Amino acid sequence: MRVRVTRDPEECRALWERFFPARGATGLWELREIFQRHFNRPILFAVAESEDGPVGLLPLSWLEEKGGWGFFPGETWSGKTWLEQNSIPLPEGEELSLLTGAVEGSLYLRYLTPGTGERFGLPVDEIGYLFHPPAYGYDYGEYLKEFSGKTLKKIRREIEALEAKSVVIRRGVYEDAPLALDLNEERFGELSYFSDKRFRGAFLDMFGFFREKGWLTVTTVLIGGQVAAVDVGCLREGVHLVLAGGTSGDFPGVAKLINLHHIETACTERYEEVDFLCGDFTWKKIFHLTPRPLYLVERKGEK
């Protein structure tokens, strides 16, 4: 077994597509390439090879602000990459150090899959949150039974207060997609991903890519005729990824309303999974979602 590194973009693409064929939406080369185009990071792919050819891959991007390597394409905000479901393929019996040992400098590899994290005994990075409609027989009413009577009553009161102001939920209006970013930035200011022009540009291009593929979802909540919340996602192979969203501070409780709508829709339309991604939002912990840990490799300035 030997390990070599390559920086050739075409070879890197071929290697990526060899090791990550038909992965979830965030693993598609075309999507990763969108972020690479906007962030323009130097790349380095470490490749493990046997006599039969490539058998392992560690795809990296140089994070200048961190002085180290992150998982390709290195789309950082506040020093942390955003794309989830990263993995490091290697044959059974081989240690992760086979690949990491071929790379000089610090490593900051986030959001690694349970398959990678558990295999190599890695520490937990963050927790992602999933909803699985089959667990409830695709029955939204069965899901609501997870809540205590007190909690459900409180949630319903919040939603009824909004409905009294006339709620309309529309889906599939592509022109609403940028409003998710606008609302997010208005709400969080410099703490919003979308205050970074690279992130905003990459997300808009990602929305366009998903629209061309027929995978884009746009959900808009209007209250009294005013846009109160917009979520944008990707529906592919029965999995709905909720990728970006924004809410107006004028309508407390609207986040619960739109997320319950996602869950009800997933039951009605028989999705296999809704992925609400990582992010420590209070509603995720009270909505009885399934936690999924993602893992981390962090190495400081050594080989």
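Colleague: Why do α1 and α2 count as oblique to each other?

Modeller: Keep in mind that this is a predicted model. Angles over 145 degrees would be roughly antiparallel and 65 to 115 roughly perpendicular, with oblique for what is left once those under 35 are taken as roughly parallel. Helix α1 (residues 9-19) and helix α2 (residues 29-39) have axes that come within 11 Å. They are therefore oblique to each other, with a crossing angle of roughly 140°.

Colleague: And which hand does the crossing of α1 and α2 have?

Modeller: The crossing brings together Cys12, Arg13, Trp16 and Glu17 from α1 with Trp29, Glu30, Arg32 and Glu33 from α2. By class, those contact residues are three nonpolar, no polar and five charged. As for the hand of the crossing, it's right-handed.

Colleague: Let's move to another helix pair. At what angle do the axes of α6 and α9 cross?

Modeller: Helix α6 covers residues 149-163 and helix α9 covers residues 254-268, and their axes come within 9 Å. Roughly perpendicular is the label for 65 to 115 degrees, and that is where α6 and α9 end up. The crossing angle is roughly 100°.

Colleague: How many nonpolar residues are in the contact of α6 with α9?

Modeller: From α6 you get Ile155, Glu158, Ile159 and Leu162, and from α9 Val254, Lys256, Leu257 and Leu260. Two of these residues are charged and none is polar. The nonpolar count is six.

Colleague: Is Phe45 buried or exposed?

Modeller: Phe45 sits in strand β2, residues 43-50. Leaving out neighbours within four places in sequence, Phe45 has contacts that include Arg4, Val5, Leu57, Leu58 and Phe72, along with Cys12, Trp16 and Trp29. Buried means under 20% relative accessible area. Phe45 comes out at 0%, which means buried.

Colleague: What distance does the polar contact between the side chains of Asp176 and Arg170 have?

Modeller: Asp176 is in the loop between β9 (167-171) and α7, and it's buried at a relative accessible area of 5%. Beyond its neighbours within four places in sequence, Asp176 is in contact with Arg170, Val218, Thr220 and Val230. With Arg170, the side chains are joined by a polar contact of 2.8 Å.

Colleague: Now Ser192. Which residue's backbone nitrogen does its side chain reach?

Modeller: Ser192 is in the loop between α7 (177-188) and α8 (197-213). Its relative accessibility is 1%, so it counts as buried. Setting aside residues up to four places away in sequence, Ser192 touches Trp77, Asn184 and Glu185. The backbone nitrogen in question lies 3.1 Å from the Ser192 side chain and belongs to Phe194.

Colleague: Where is Pro73 found?

Modeller: Pro73 is worth a look for its backbone. A cis peptide bond joins it to Phe72, with omega of about 10°. Pro73 is found in the loop between β4 (68-71) and β5 (76-77).

Colleague: Is Asn40 buried or exposed?

Modeller: Asn40 is not a glycine, yet it has a positive phi of about 55°. It's found in the loop between α2 and β2. The cut-off for exposed is over 50% relative accessible area. Asn40 has 60%, so it counts as exposed.

Colleague: And Tyr138, is it buried or exposed?

Modeller: Tyr138 isn't a glycine either, and its phi is positive at about 60°. You'll find it in the loop between β8 (124-131) and α5 (140-144). Buried needs a value under 20%. Tyr138 has a relative accessibility of 19%, which means it counts as buried.

How values were computed:
Residues are numbered from 1 along each chain as its sequence is written. This is a predicted model: local features need pLDDT of at least 70, side-chain atom pairs count only at pLDDT 80 or more; totals for chains, interfaces and linings use all residues. Side-chain values use heavy atoms; hydrogens and water are left out. Axes are lines fitted to C-alpha atoms, for helices over the stretch in contact, and angles run from 0 to 180 degrees between N-to-C directions. Helices (H or I, at least four residues) and strands (E, at least two) are DSSP runs, numbered from the N terminus. A crossing is left-handed if the near helix is turned anticlockwise from the far one by less than a right angle, and right-handed if clockwise. Contact means heavy atoms within 4.5 Å. Ala, Val, Leu, Ile, Met, Phe, Trp, Tyr, Cys and Pro count as nonpolar, Asp, Glu, Lys and Arg as charged, and the others, Gly among them, as polar. Buried means under 20% relative accessible area, exposed over 50%, partly exposed in between (1.4 Å probe, protein chains only). A polar contact is a pair of N or O atoms within 3.5 Å; within protein, one must be able to donate a hydrogen and the other to accept it, and residues adjacent in sequence count only if both atoms are side-chain atoms.
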